[in-house]
Amino acid sequence: MSLPPDLQLDTLAVRAGQERSQFNEHAEALYLTSSFVFENAAQAAARFAGEEEGNVYSRFSNPTVTVFQERLAALEGAEGCIATASGMSAILSLVMGLLKAGDHIVASQGLFGATVQLFTNILPRFGIQTTLVPQTDAAAWAAAVRPETKLLFAETPSNPLTEVADIRALAQIAHDHGALLAVDNCFCTPVLQRPLDLGADLVVHSATKYLDGQGRVLGGAVCGRKALTDEVLKFLRTAGPSLAPFNAWVLLKGLETLKIRMMAQSAAALELAAWLEAHPSVARVFYPGLPSHPQHALAMAQQKTGGAIVSFEVKGGRAEAWKVVDACKLLSITANLGDTKTTLTHPASTTHGRISPEARAAAGVSEGLLRIAVGLEAVDDLKADLARGL
């Protein structure tokens, strides 16, 4: 479809990328097919060689997946987007598509636990080393850069402490040393933050989270300049961590309500965070929208709101934190986030349970820490559920 130029994000989230078939359907079509038929041998050869545009095989080219890729690229302000089977496969595809043995990564020590596992335990087997640094210390990022550094990787706000990285500063450090900056934008989505506008080269998503928004399917994506995403596509085409067409179709439906959900959930999170901060059983609240957050000013400069993730430390460590979890009758005890249903998790024993105690301590993940991903329920009901355990 040919769309007018300079459309706003709300409109792009509903309209961008759609190509109607000969049936002129209004909703996006779902193409559940593994392969595509060619008119003749010459066309088949041209498609496989990349000399003619068109679909070949759904491992790397499918019309429904293409619509999702083009829509998300439009929302992020990116030239290209490659969709993957999950958020973790997006990070893996980025690294394997753009780096090689002997290269070096500088990353935040506050990354999601599975990302830390990938960078520190799996990638070294293939000759790619990673140095972890404090998320908010730009000088530490700069000091960790080596001649072989090819990538800086940040997740902002971080999971679960919502630490905010200065994207412009990290982009400057990366570019001064001939490296790329990739930003995991899972917590904010392009509704609240557009890292490419702030100087980042690549944006990574776990589409499983807010892009879907209702906890239905897995998905991931890498957005950025086409020259970079084309390299990621080469890896995906061969290795196959591909997004299923059905999942892409579900994610497209999620994008249509993304802004409405993000703004409503962020407003609820701010109210809940302020309530938790005043509760006598809570030692500390981590939420970028609160003035007490160490990077509050930076967050409000980079983001439209504080987001929908609130973490807090319960006085009394693990025992008291688990009492809060076990007393909840409404909040879902699950490690997923981005759902319309509010979720609650104890990071030290779940999402960050596989990393060493030393790494957890360095990341600030204490035994009393709980993470809430605020959904769309009435905030008073969420307060009452948490008050039962607190």
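The model is predicted, so local features are given only where pLDDT is at least 70 and side-chain atom pairs only at pLDDT 80 or more, while totals for chains, interfaces and linings use all residues. Residues are numbered from 1 along each chain as its sequence is written, and side-chain values use heavy atoms, with hydrogens and water left out.

The chain has 15 helices and 12 strands. Its radius of gyration is 21 Å, close to the 21 Å that the globule rule gives for 390 residues, so the chain is as compact as a globular protein of that length. The radius is taken over C-alpha atoms, and the globule rule is 2.2 Å times the number of residues to the power 0.38. Helices (H or I, at least four residues) and strands (E, at least two) are DSSP runs, numbered from the N terminus. Along its principal axes, the C-alpha trace spans about 75 × 50 × 35 Å.

Of the 390 residues, 55% count as buried. Buried means under 20% relative accessible area, exposed over 50%, and partly exposed in between, with a 1.4 Å probe and protein chains only. The chain exposes about 15900 Å², and carbon and sulfur atoms supply 55% of that area. Such areas come from the Shrake-Rupley method with a 1.4 Å probe; for residues, only the protein chains shown count as cover. Among contacts (heavy atoms within 4.5 Å) between residues at least 6 apart in sequence, 72% join residues at least 24 apart.

On a 1 Å grid over the protein atoms alone, a cavity is a set of points where a 1.4 Å probe fits but cannot get out, and a pocket is an open set with protein on both sides within 12 Å along at least five of seven lines; lining residues have an atom within 4 Å of a point. Grid points are joined across faces, edges and corners, and a volume is the space filled by probe spheres set on the points.

The largest pocket has a volume of about 1100 Å³. Its lining holds 42 residues, and Phe60, Ser61, Thr66, Gln69 and Leu233 lie nearest its centre. Helix 3 (63–76), strand 1 (80–84) and helix 9 (226–239) are the elements that give two or more residues to this lining. Helix 3 supplies the largest share, 8 residues. By class, the lining has 15 nonpolar, 14 polar and 13 charged residues. Here Ala, Val, Leu, Ile, Met, Phe, Trp, Tyr, Cys and Pro count as nonpolar, Asp, Glu, Lys and Arg as charged, and the others, Gly among them, as polar.

The second largest pocket holds about 340 Å³ of space. Of its 23 lining residues, Gly87, Met88, Phe112, Ser206 and Lys209 are the closest to its centre. Helix 4 (87–98) and strand 6 (202–206) each give two or more residues to the lining.

Ser93 is also placed in helix 4. Ser93 counts as buried because its relative accessible area is 0%. Not counting residues up to four places away in sequence, Ser93 touches Thr84, Val232, Phe235 and Pro241.

A search of the whole structure finds 1 cavity of 30 Å³ or more. The space in the largest cavity is about 50 Å³. Among the residues that line it are Pro157, Phe187 and Ile309. The lining divides into 6 nonpolar, 3 polar and no charged residues.

Most peptide bonds are trans. The bond from Thr156 to Pro157 is cis, with omega near -5°. Pro157 sits in the loop between strand 4 (149–155) and helix 7 (167–176). Pro160 is in the loop between strand 4 and helix 7 as well, and a cis peptide bond with omega of about 10° joins Asn159 and Pro160.

Ala273, in helix 11 (residues 258–277), counts as buried because its relative accessibility is 0%. Leaving aside neighbours within four places in sequence, Ala273 is in contact with Val285, Tyr287, Leu290 and Val310. Val133 is found in strand 3 (residues 129–133), and its 5% relative accessibility is why Val133 counts as buried.
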